[in-house]
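Here is a friendly note to read alongside the structure. Keep the 3D view open and look up each residue as it comes up.

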Amino acid sequence: RMNDSLDDSMDGDDRLEEDEEGEEWEKTQDQSSQTNTPQKAQQTRQPTPSSWVDRIFIVDGPLHPSTESNIIDLPHPSGGTAKYWIRDDTLLEIHKLSDPPSSWFLLNRVLKDGCLFMCTKIDPIFIILPLLEKARCAREGHPGYFKSYEDILESKEYPDLRLLPNLAGFSLEPVCDVTEHEDSKVFRLNQDLTLKWLRAKAIRIA
């Protein structure tokens, strides 16, 4: 009987220790969940890397609230894809400047990506020149074909090319032969006019 009582007492002590361990484990889990919850909420509030709203731009003049909707992808004259910004009917090329490690303090937040975006004005003809060369389908002894705006700028990869004719002062006449076809203008790249236009650009920069 003494042994039975002793065994019962030991069993009771074991259950008590198990209960205490269970309570400590539950407390640890509760504290862990309470600690993790604010972190998850804070991560949710962080801007996504693709967001342009929380970026630092250098641009001439005031910025407008509709920044993100005006940033588009267009082909770069040297190849590949580049980011451009249509602002006040003007085309700006976006250049990313980065010198890691760096960050920005924005109000009460820290942006880990400390890069800077510089916007410079670019003549849209530079972007369209490769398209004009491709569209005219020139070959030896034949200067190529005249094409409409729609035919020249049609692209499944870059649908925003169709926005370029709406820019202020946009014209293909400085680099193209122009004629009328069914009450609308059609264009064909002219090599002599293009070289003259490029020379004038170079002289202006110099």
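The points below go through the sheet, the ring pairs, the salt bridges, a surface patch and the cysteines.

1. **Before you start.** This is a predicted model, in which local features need pLDDT of at least 70, side-chain atom pairs count only at pLDDT 80 or more, and totals for chains, interfaces and linings use all residues. Residues are numbered from 1 along each chain as its sequence is written, and side-chain values use heavy atoms, with hydrogens and water left out.

2. **The sheet.** Start by finding the open sheet, where five strands run in the order β1-β7-β4-β3-β2 with mixed pairing. Its edge strands are β1 and β2, each of which pairs on one side only. Helices (H or I, at least four residues) and strands (E, at least two) are DSSP runs, numbered from the N terminus. Two strands count as paired if DSSP finds at least two bridges between them.

3. Which way do β4 and β7 pair? Strand β4 (residues 90-97) pairs with β7 in the antiparallel sense, over six bridges.

4. Searching the whole structure gives five aromatic pairs. One of them is Phe57 with Trp85, a tilted pair with 5.5 Å from centre to centre and 50 degrees between the planes. Phe57 lies in strand β1 and Trp85 in strand β3, so this pair ties together parts that are 28 residues apart in sequence. The rule is that rings of Phe, Tyr and Trp (its six-membered ring) pair if their centres lie within 6.5 Å; planes under 30 degrees apart count as stacked, over 60 as edge-to-face and the rest as tilted. Ring pairs also link Phe57 and Trp85 with Phe117 into a cluster.

5. **Buried or exposed?** Buried means under 20% relative accessible area, exposed means over 50%, and partly exposed is in between (1.4 Å probe, protein chains only). Phe57 is buried at 14%, and Trp85 is buried at 2%.

6. **Another ring pair.** The ring centres of Tyr149 and Phe187 are 4.8 Å apart and their planes meet at 35 degrees, so this pair is tilted. Tyr149 sits in helix α3 (residues 149-153) and Phe187 in strand β9 (residues 184-189), so the pair ties together parts that are 38 residues apart in sequence. Tyr149 is partly exposed at 26% relative accessibility, whereas Phe187 is buried at 4%.

7. **Salt bridges between elements.** How many salt bridges are there? The count comes to five, taking a salt bridge as a side-chain nitrogen of Lys or Arg within 4 Å of a carboxyl oxygen of Asp or Glu. Among them is Asp73 with Lys83, whose closest N and O atoms are 2.8 Å apart. Asp73 is in strand β2 (residues 71-75) and Lys83 in strand β3 (residues 81-87), so this pair ties together parts that are 10 residues apart in sequence. Both ends are partly exposed: Asp73 has a relative accessible area of 32%, and Lys83 is at 34%.

8. **A link to a loop.** Lys201 and Asp123 also form a salt bridge, at 2.9 Å from N to O. Lys201 is in helix α4 (residues 191-205) and Asp123 in the loop between β7 (116-121) and α2 (125-136), so the pair ties together parts that are 78 residues apart in sequence. Asp123 is partly exposed, at 22% relative accessibility.

9. Glu133 and Arg136 meet in a salt bridge at 3.0 Å, N to O. Both belong to helix α2 and are three residues apart, about one turn of the helix. Glu133 is partly exposed at 39%, while Arg136 is buried at 12%.

10. Ile58 lies in strand β1 (residues 57-58) and is partly exposed at 39%.

11. **The cysteines.** A disulfide is a covalent bond between the sulfur atoms of two cysteines. Here the count comes to zero disulfides, with the cut-off being a pair of cysteine sulfur atoms within 2.5 Å. Cys137 is partly exposed, with a relative accessible area of 40%, and Cys176 is buried, at 4%.
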